[in-house]
Amino acid sequence: MMHPAHRMSQLGTETAFQVLARAKALEEAGQDIINLGIGQPDFRTPDHIVEAAAKALQDGHHGYTAANGIAELRQAVAADIARHRGVEIDPDCVLIVPGGKVTMFFALLMLGEAGTEVMYPNPGFPIYESMIRFSGATPVAMPLHEDRGFAFDAEDVLSKVNANTRLIILNSPANPTGGVIPRAELDRLVAGLEAYPDVAILSDEIYARMLYDGRPHVSLLDYDSIRDRVILLDGWSKTYAMTGWRLGYGVWPADLIAGATRLAINCHSCVNAAVQYAGLAALEGPQDAVADMVAAFDQRRRVIVDELNRIDGFSCVEPGGAFYAFPNITGTGIDAHTLQDRLLNEAGVATIAGTSFGALGEGYLRFSYANSIDNIRAAMGRIRACL
Ligand SMILES: Cc1ncc(COP(=O)(O)O)c(C=O)c1O
């Protein structure tokens, strides 16, 4: 009999992948499914990016690269951060990794351990809580409030920080809520954190380019007083419709970059060379495909929020970013998981129960609007007919 390590029993998962598998199985069995569960853009990666990867392969980029990523790409990331966040960073603090998730995995492996606490948004991306538990640390939920547009209350967060707190995870714009933390709330949090110089901050800004109604992106890197302990997580998956390429980056504090690079060497050696050249073309090439995609998401956002608010028992606050709507479904009298199953099996609409994103997600469903307006309208019609 084999004996997996105890930490394996602590590892959670991302149920979105299970819903995806179930939706696919139903489709293969002949059911017509509209998938509003999936967390990836429904657009193709722009052609010039695909061509750059093909060219890199033709040009013979077949070997290992430096473990932290090719120098041109790390410089391009630094230039992109200067362009979009107005912050100068050292390209030597950039670690190119296979997807956005890897930065959170490494941050938790480096900072979490038994006897420490890590704060995370709830409802939030499920891998945060999973990885906190896996690391041995104690997860401390940072509640997000619907009546604040799914922002946290900085005073409440600060009241939970103590001598054991190692790391605070932030995510704005957010999955699953589409919420955007207002600058004033971040200002209050950062001012309070100045009293806790040992606490690191992991800022997951993977949806930074997907903001609506002219909202600016506020990066945690933009705060001088805590910059030396911010780990920035970003990547190409969402911005350039590149989820399947597996490409992301972290900007690490100077004190942590060597450890993070060592984890990369132990784990994956380096990211696929051709994919790194694709990432370079994405950052340095035309950005109109990004703007077009965000404009399309914005249109769909308006449609889905309007439609969701017309369903009996649903009410949906307007999401300010990402491509998710997170309606409150308590008015239906049905719990989130039961409703998720009913909508999939009876209406042929895939959604994700709010509880997949933490205990505080009860009473909500996540809808991704990475689907056409026609499909969104058709899905809403089916839900109305089903309830
Ligand atoms: C908030 C958040 N962070 C990170 C990721 C991971 O991105 P990647 O697919 O690049 O690993 C996701 C993906 O859904 C996400 O929603």
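Arginine 302 is partly exposed, with a relative accessible area of 44%; this term covers the range between buried, under 20% relative accessible area, and exposed, over 50%, for a 1.4 Å probe and protein chains only. The model is predicted, so local features need pLDDT of at least 70 and side-chain atom pairs count only at pLDDT 80 or more, while totals for chains, interfaces and linings use all residues. Residues are numbered from 1 along each chain as its sequence is written, and side-chain values use heavy atoms, with hydrogens and water left out.

Side chains of opposite charge can pair when their charged atoms come close. Arginine 302 forms a salt bridge with aspartate 213, at 3.2 Å from N to O; the term stands for a side-chain nitrogen of Lys or Arg within 4 Å of a carboxyl oxygen of Asp or Glu. This pair links distant parts of the chain, with arginine 302 in helix 10 and aspartate 213 in the loop between strand 6 and strand 7, 89 residues apart. Helices (H or I, at least four residues) and strands (E, at least two) are DSSP runs, numbered from the N terminus. Aspartate 213 is partly exposed, at 43% relative accessibility.

Arginine 302 also meets aspartate 298 in a salt bridge, here at 3.3 Å from N to O. Both residues belong to helix 10 and are 4 residues apart, about one turn of the helix. Aspartate 298 counts as buried, since its relative accessibility is 17%. A network of salt bridges links Asp213, Arg215, Asp298, Arg301, Arg302 and Glu318.

The whole structure has 25 salt bridges. Another of them joins lysine 101 to glutamate 14, with the closest N and O atoms 2.7 Å apart. Lysine 101 is in helix 4 (residues 100–111) and glutamate 14 in the segment before helix 1 (15–28), so the pair ties together parts that are 87 residues apart in sequence. Lysine 101 is partly exposed at 30% relative accessibility, whereas glutamate 14 is buried at 14%.

Next come the nonpolar residues. The largest nonpolar core has 133 residues, and Phe152 and Trp236 have the most contacts inside it. Such a core is a set of buried Ala, Val, Leu, Ile, Met, Phe, Trp, Tyr and Cys residues joined through side-chain atoms within 4.5 Å. Helix 10 (residues 288–308) gives the most to this core, with 8 residues.

A pair of aromatic rings is described by the distance of the centres and the angle of the planes. The structure holds 13 aromatic pairs. Rings of Phe, Tyr and Trp (its six-membered ring) pair if their centres lie within 6.5 Å; planes under 30 degrees apart count as stacked, over 60 as edge-to-face and the rest as tilted. Tyrosine 207 and tyrosine 324 have ring centres 5.7 Å apart and planes at 85°, so the pair is edge-to-face. Tyrosine 207 is buried, with a relative accessible area of 3%, and tyrosine 324 is buried at 0%. For phenylalanine 297 and tyrosine 369, the ring centres are 6.2 Å apart and the planes at 75°, so this pair is edge-to-face. Phenylalanine 297 lies in helix 10, and tyrosine 369 in the loop between strand 12 (365–368) and helix 12 (373–386), 72 residues apart. Both phenylalanine 297 and tyrosine 369 are buried. Ring pairs link Phe43, Tyr207, Phe297, Phe323, Tyr324 and Tyr369 into a cluster.

Finally, the sheet. Strands of a sheet pair through backbone hydrogen bonds, either parallel or antiparallel. Here 7 strands form an open sheet in the order 2-8-7-6-5-3-4, with mixed pairing; two strands pair if DSSP finds at least two bridges between them. Strand 2 (94–97) and strand 4 (138–143) are at the edges with a single partner strand each, so one side of each is left without a neighbour in the sheet. From one strand to the next, the twist averages 20°. Strand 3 (residues 117–122) and strand 5 (residues 165–171) run parallel and are joined by 3 bridges. Methionine 119 stands opposite isoleucine 168 in strand 5. Helix 5 (residues 126–135) lies across strand 3, strand 4, strand 5 and strand 6, and runs at about 165° to strand 3. Axes are lines fitted to C-alpha atoms, for helices over the stretch in contact, and angles run from 0 to 180 degrees between N-to-C directions.

Notes: Contact means heavy atoms within 4.5 Å.
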